[in-house]
Amino acid sequence: MTTSLSQYRFDWVMPEIVVCAAAFLVLLTGVYSRHKRSRPIAGWLTLGGLGIAIAWTWYLRGVGGDAFFGAYRVDAFATFVKFAILIGAAITTLLSMDYWQNRAVQAPEYYALLLFATVGMMLLTGANDLMTVFLAIEIMSFSVYILVASRRDDQSATEAAMKCFMLGAFSSGVLVYGLALVYGATGTLLLKDIAAAHAAAAITEPLLFKIGMGMILVGFIFKVAGVPFHMWAPDVYQGAPAPVTGLMAVGVKAAAFAAAIRVFSVAFGAQAVDWQPVIWWVAVLTILVGNFLAITQDNLKRMLAYSSIAHAGYLLIGLTTGYKVSGSAILFYLVAYTFMNLGAFGVLTAVSRGDDELENIPQWAGIAQKHPALAAVMALCMFSLAGIPPTAGFFAKFYLFYSAIQAGDVLIVLIAVLGSLVSLYYYLRVIVVMYMQEPAGDAVFGGLSNPARVGVLASVAGILYLGLWPRGLLAWAESAIHTLF
Amino acid sequence: MITPHHFLALSGVLFLVGAAGVLVRRNALIVLMSLEIMLNAANLALVAFSRMHGAVDGQVAVFLIMAVAAGEVAIGLAIIVNVYRLRHTIQVDALTSLKN
């Protein structure tokens with residue numbers, strides 16, 4: 001078989017290539033810029049690269065098909081999630097510029113790693129071969145391990161990096177062994193060929209196949225921090241720099257869910273009776289554990305970590321009721337979650353200064369008097385995370401739960417609504433502390449710098465837009481999910 | 001006669017040894033080595049299956065996994081060195097500052 005370069009379809013992966021090139025350019029600025037004044041250029045270059053990638057993804061939104069001989073796929077589904085990831089990465093960059101400026105560090109390699117993590121996430125959305133899935137997860141995870149450790153002289157950041165690395169590498173080990181077993185049972189790593197092997201009854205070792213599928217599922221549950229593999233998330237979220245935590249909660253989760261949907265709908269769609277009950281129980285446990293443990297948290301980042309575990313549980317409902325009914329609701333939820341979570345982390349970034357990260361909720365007493373705008377944004381994000389209209393979070397939950405009812409699974413919706421009621425307590429507690437308590441006196445809060453102001457405003461705009469006019473995005477999500485089957 | 005089942009059994013044992021090492025041992029370096037054993041268990045299985053199916057794609061995957069494993073060691077060691085500089089210990093048990 002003769003192949004030509006055009007068959008690889010490099011033109012379809014140009015957004016990924018642009019982000020990669022921007023990362024290398026950012027690394028070069030670290031070599032060539034000696035002056036402290038020129039350091040913020042790394043952040044602006046990162047934003048430029050992400051902007052070009054967003055524009056190019058928009059340009060490519062109509063095209064699609066198998067690239068790299070089936071190992072990678074560009075379709076409306078991947079494009080949709082790529083938008084969410086790129087916008088999340090851009091907001092994270094804006095927040096990072098604020099975060100590092102206040103700590104008098106402008107490390108270009110931080111932005112380069114942020115871009116490499118973004119490339120990994122983008123590749124994960126289109127990965128159409130188990131090996132591509134594994135490599136994309138590793139590109140993303142390796143960058144995130146280092147990003148978590150980027151405050152090198154901070155004990156808690158280092159500890160978080162160690163835990164993130166060890167459990168992340170462990171889950172990758174489980175995933176890759178599952179991949180090997182599936183290869184053994186089917187003789188292929190391509191998702192659609194795995195499904196074809198099953199349809200042709202060519203699987204000689206069904207037990208091997210099922211164990212492999214189970215291990216891949218465990219690997220994904222680790223990545224999205226589902227119970228019982230959630231233990232790493234609170235520690236890592238607490239110790240990592242606030243913008244990195246935001247990226248982990250938003251981008252990593254969106255990419256992992258996109259890959260899980262593709263793998264389990266394309267390759268293991270015929271085995272749905274085997275994995276759906278497992279995910280059902282994982283979803284129930286994740287919702288309950290995430291929400292009930294969040295109540296007792298005093299540390300805001302730790303509370304948001306448990307809240308993100310709970311949100312992963314809501315998203316898992318979408319997987320268990322089937323992507324055909326819930327797929328568009330999952331996609332809508334991922335976008336809404338991106339805006340509301342990054343808004344909260346944006347305020348957290350703006351408020352914290354220097355060594356005192358001001359992460360404990362009691363420290364936020366009376367912040368509404370000193371910084372009414374910041375407090376209002378935080379309150380909006382908390383309302384949205386709790387799912388109160390007219391915010392993005394309300395419609396995200398509404399569509400997801402509605403699709404589960406359509407699929408006939410009322411019990412899990414009842415559990416999820418119960419979990420949401422519990423979540424009201426800890427989200428509203430933040431608002432009560434901010435608005436109804438007197439300032440502690442000597443508390444010094446920071447303010448927003450210009451880049452962070454843009455990032456936070458973008459999040460607020462997203463939350464309100466999706467809360468008031470959700471139909472447009474939902475229609476797009478519905479058309480996107482149809483490219484999967 | 002050594003069949004694919006023998007290789008599969010060996011790789012399964014290797015994987016369990018690696019997983020047990022990660023979960024039981026408390027020295028970060030030993031944990032890192034155990035993580036590598038897990039990846040190599042997958043490599044052995046892939047090579048054996050590749051031979052069994054008479055295709056090379058499993059062996060190509062092994063090269064990619066080896067590259068990933070090398071990157072993993074580099075990052076893991078860097079993090080362990082950093083932890084040692086700050087705390088003068090690499091016992092995983094000693095990392096308990098992140099609590100509510």
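Me: In this predicted model, what describes the packing of helix α11 (residues 272-295) of chain A with α17(A)?
Reply: The two helices pack at an angle of about 15°, and their axes are 8 Å apart.

Me: Why are α11(A) and α17(A) called roughly parallel?
Reply: Angles under 35 degrees count as roughly parallel. The angle here is about 15°, so α11(A) and α17(A) are roughly parallel to each other. Their crossing is left-handed.

Me: Which residues make the contact of α11(A) with α17(A)?
Reply: From α11(A) come Trp280(A), Ala283(A), Val284(A), Ile287(A), Leu288(A), Asn291(A), Phe292(A), Ala294(A) and Ile295(A). From α17(A) come Ile412(A), Ile415(A), Ala416(A), Gly419(A), Val422(A), Ser423(A), Tyr425(A) and Tyr426(A). By class they divide into 14 nonpolar, 3 polar and no charged residues.

Me: Is Phe292(A) buried, exposed or partly exposed, and what makes it count as such?
Reply: Phe292(A), in helix α11 of chain A, has 15 C-beta neighbours inside 10 Å. A residue is buried at 20 or more and exposed at 12 or fewer, so Phe292(A) with its 15 counts as partly exposed. Its C-alpha atom is separated by 7.9 Å from that of Gly419(A), 127 residues apart along the chain.

Me: What makes Ala78(A) count as buried?
Reply: The cut-off for buried is 20 or more C-beta neighbours within 10 Å. Ala78(A) has 27, and therefore counts as buried. This residue lies in helix α3 (residues 76-101) of chain A. Leaving aside residues up to four places away in sequence, Ala78(A) touches Arg73(A), Thr125(A) and Gly126(A). The C-alpha atoms of Ala78(A) and Ala127(A), 49 residues apart along the chain, are separated by 8.9 Å.

Me: How do you know how α4(A) is oriented relative to α10(A)?
Reply: The axes of helix α4 (residues 108-126) and helix α10 (residues 242-267) of chain A come within 7 Å and cross at roughly 25°. With the limit for roughly parallel at under 35 degrees, that makes α4(A) roughly parallel to α10(A). The crossing is left-handed.

Me: Which residues of α4(A) and α10(A) meet?
Reply: Ala117(A), Thr118(A), Met121(A), Leu124(A) and Thr125(A) of α4(A) meet Leu247(A), Gly251(A), Val252(A), Ala255(A), Ala258(A) and Ala259(A) of α10(A). This contact has 8 nonpolar, 3 polar and no charged residues.

Me: Why is α15(A) described as largely enclosed by the rest of the structure?
Reply: Of its 15 residues, 11 are buried, so α15(A) is largely enclosed. Among the buried ones are Leu374(A), Val377(A), Met378(A), Cys381(A) and Phe383(A). Their cover includes α12 (300-320), α13 (323-351), α14 (367-370), α16 (392-406), α17 (410-436) and α18 (450-468) of chain A.

Me: How does the reach of helix α15 (residues 372-386) of chain A stand against the span expected at 1.5 Å a residue?
Reply: From first C-alpha to last, α15(A) reaches 21 Å, close to the 21 Å expected. Just after this helix, Gly387(A) takes a positive phi of about 90°.

How values were computed
Residues are numbered from 1 along each chain as its sequence is written. Chains are lettered from A and ligands numbered from 1 in the order in which they are written. This is a predicted model: local features need pLDDT of at least 70, side-chain atom pairs count only at pLDDT 80 or more; totals for chains, interfaces and linings use all residues. Helices (H or I, at least four residues) and strands (E, at least two) are DSSP runs, numbered from the N terminus. The expected span of a helix is 1.5 Å times one less than its number of residues. Two residues are in contact if their C-beta atoms, placed from the backbone, lie within 7 Å. Axes are lines fitted to C-alpha atoms, for helices over the stretch in contact, and angles run from 0 to 180 degrees between N-to-C directions. Angles under 35 degrees count as roughly parallel, over 145 as roughly antiparallel, 65 to 115 as roughly perpendicular and the rest as oblique. A crossing is left-handed if the near helix is turned anticlockwise from the far one by less than a right angle, and right-handed if clockwise. Ala, Val, Leu, Ile, Met, Phe, Trp, Tyr, Cys and Pro count as nonpolar, Asp, Glu, Lys and Arg as charged, and the others, Gly among them, as polar.
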